[in-house]
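Subject: Structure for you to look at

Hello,

Please find the structure below. My notes on what was found in it follow.

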Amino acid sequence: MPEILHIEFDYSFLLYGIITHVKPEKLCVALNKYWNVKFQRNEDIEVFKKKDHYLLMSNYYAESIQNSLQFNIYSNKINHQWIFNECKNIDYLIKIEGDTDDFDFNISHIPFVLHYKKIPIELIKNKQYLM
């Protein structure tokens with residue numbers, strides 16, 4: 001009988017949801033200025049929905065050397081479908097890894113950010129897409 005491999009993921013990161021009407025590139029430019037980072041587009045993430053139906057989730061990455069943080073921006077809506085149904089109405093998810101104790105996420109001054117909020121990791125059913 002084959003042995004089953006169990007993989008443990010580390011979910012010790014912050015997750016924020018952003019509601020905005022702009023494309024991810026414009027959001028990245030604004031966050032680059034605010035956080036002094038440089039977001040770059042990574043390979044899209046293939047997300048299985050149902051019956052051999054996949055969506056490609058946009059994925060952007062940046063590092064902050066001065067405060068040892070890593071950022072990922074993920075699109076949550078593709079072709080009028082939500083990737084994470086638990087976060088309907090959230091356009092983008094931002095994952096922040098590293099020493100986040102002194103990190104100020106407040107992005108309310110960015111005019112096209114309509115709303116943002118911290119999202120409990122436990123709320124997300126398909127956390128593997130955030131890894």
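What covers the buried residues of H1? The cover includes S1, S5, S6, S9 and S10. Helices (H or I, at least four residues) and strands (E, at least two) are DSSP runs, numbered from the N terminus. Buried means under 20% relative accessible area, exposed means over 50%, and partly exposed lies in between (1.4 Å probe, protein chains only).

Before the details, please note that this is a predicted model, in which local features need pLDDT of at least 70 and side-chain atom pairs count only at pLDDT 80 or more, while totals for chains, interfaces and linings use all residues. Residues are numbered from 1 along each chain as its sequence is written, and side-chain values use heavy atoms, with hydrogens and water left out.

The chain as a whole

The chain has 1 helix and 10 strands. Along the sequence they follow the pattern β-α-β-β-β-β-β-β-β-β-β. Of the 131 residues in the chain, 44% are buried. Contact means heavy atoms within 4.5 Å. Among the contacts in the chain with a separation of 6 or more, 62% are between residues 24 or more positions apart.

The helix

H1 has 12 residues, which at 1.5 Å a residue should span 16 Å; its end C-alpha atoms are 16 Å apart, so the two agree. The expected span here is 1.5 Å times one less than the number of residues in the helix. The buried residues of H1 are Pro 24, Leu 27, Cys 28, Ala 30, Leu 31, Asn 32 and Trp 35. Asn 32 counts as buried because its relative accessibility is 17%. Leaving aside its neighbours within four places in sequence, Asn 32 is in contact with Val 37, Lys 38 and Phe 39. After H1 comes Asn 36, which has a positive phi, near 55 degrees.

The nonpolar cores

A nonpolar core is a set of buried Ala, Val, Leu, Ile, Met, Phe, Trp, Tyr and Cys residues joined through side-chain atoms within 4.5 Å. The largest one has 25 residues, and Trp 35 and Phe 39 touch the most other members. At least two residues of this core come from each of strand S1 (14-20), H1, strand S5 (59-64), strand S6 (69-75) and S9. H1 gives the largest share, 5 residues. Apart from neighbours within four places in sequence, Phe 39 is in contact with several residues, including Cys 28, Leu 31, Tyr 60 and Phe 71. There is also a second, separate core of 15 residues, and Leu 15, Val 47, Tyr 74 and Phe 84 are among them.

The aromatic pairs

Rings of Phe, Tyr and Trp (its six-membered ring) pair if their centres lie within 6.5 Å; planes under 30 degrees apart count as stacked, over 60 as edge-to-face and the rest as tilted. The structure holds 6 such pairs. One of them is Trp 35 with Phe 105, a tilted pair at 5.4 Å centre to centre and 50 degrees between the planes. This pair links distant parts of the chain, 70 residues apart: Trp 35 is in helix H1 (residues 24-35), and Phe 105 is in the loop between strand S9 (92-98) and strand S10 (113-118).

Is Phe 105 buried or exposed? Phe 105 has a relative accessible area of 4%, so it is buried. Phe 105 also pairs with Tyr 116: the ring centres are 5.5 Å apart and the planes are at 55 degrees, so this pair is tilted. Tyr 116 is partly exposed because its relative accessible area is 24%.

Regards
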